[in-house]
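Please consider the sequence and model shown here.

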Amino acid sequence: MRFFSLPAAMALSASLLLLGGCVHPITMITETAPARSQAYLVPKKVAYVMTDADRDLEVVTPGGSGDRVSYYPYRDLEKSIRDALRAVYRDVVVLRTAADAKANEAAGVSLVFSPRIKTDSSSSSWISWPPTSFTAEVSCVVTDAAGAEVTRVRAVGNGTAEFGEFKGDFGLAARRAATRLTSQLSSEIRRNEKLR
């Protein structure tokens with residue numbers, strides 16, 4: 001076994017950090033939302049589950065030039081999930097847990113959406129760190145107010161951005177993925193007869 005002195009160990013750690021690349025924060029938050037037409041809304045009150053632990057979950061995925069990007073997928077995509085539900089249903093609320101059947105019933109909640117989010121990113125660039133390709137996927141288990149599973153829905157959004165498009169907007173590919181995810185999620189919900 002080889003031992004290093006403290007200065008040598010610190011130098012080695014610094015070198016490994018440089019070789020491993022930097023981690024840059026980005027955001028996936030998008031201002032774009034699916035159209036909401038009052039005439040076509042399903043007259044139900046639904047909820048989605050989002051805990052503080054979900055919101056605090058930080059994820060790190062690849063960027064370009066050996067660097068990586070960090071973001072908070074649940075916190076960033078919460079608006080997208082809410083917008084997708086608001087495009088379909090009359091009333092949408094957030095819950096900390098799906099398990100409280102009495103509270104759900106008292107609040108008049110018909111359906112509870114529990115989202116799980118997966119993301120990935122990459123870049124074709126060897127000289128810049130922002131991701132040029134981004135994928136966001138949300139899978140929701142949907143239960144009734146009592147907690148019995150009704151169905152499941154899944155949506156995927158892919159976003160791309162070229163180096164010349166960034167102009168300081170380093171999360172552009174991620175936000176494009178979030179916009180497509182929102183649109184697809186609302187479409188998948190509308191398509192599912194069990195969710196009407």
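Predicted model: local features only at pLDDT ≥ 70, side-chain atom pairs only at ≥ 80, totals over all residues.

Residues are numbered from 1 along each chain as its sequence is written, and side-chain values use heavy atoms, with hydrogens and water left out.

**Ser80**
- Ser80 belongs to helix α3 (residues 73–86); helices are DSSP runs of H or I with at least four residues, and strands are runs of E with at least two, numbered from the N terminus.
- With a relative accessible area of 3%, Ser80 is buried (under 20%; exposed is over 50%, partly exposed in between; 1.4 Å probe, protein chains only).
- Not counting residues up to four places away in sequence, Ser80 touches Thr30, Ala178 and Thr182 (heavy atoms within 4.5 Å).

**Aromatic rings**
- There are 3 aromatic pairs (Phe, Tyr or Trp rings, the six-membered one for Trp, with centres within 6.5 Å; planes under 30 degrees apart are stacked, over 60 edge-to-face, the rest tilted).
- The rings of Trp129 and Phe170 form a tilted pair, because their centres are 4.8 Å apart and their planes are at 50 degrees.
- This pair links distant parts of the chain, 41 residues apart.
- Trp129 is buried at 18% relative accessibility, whereas Phe170 is partly exposed at 36%.

**Gly108**
- Gly108 is in the loop between α4 (101–106) and β6 (111–122) and is partly exposed at 42% relative accessibility.
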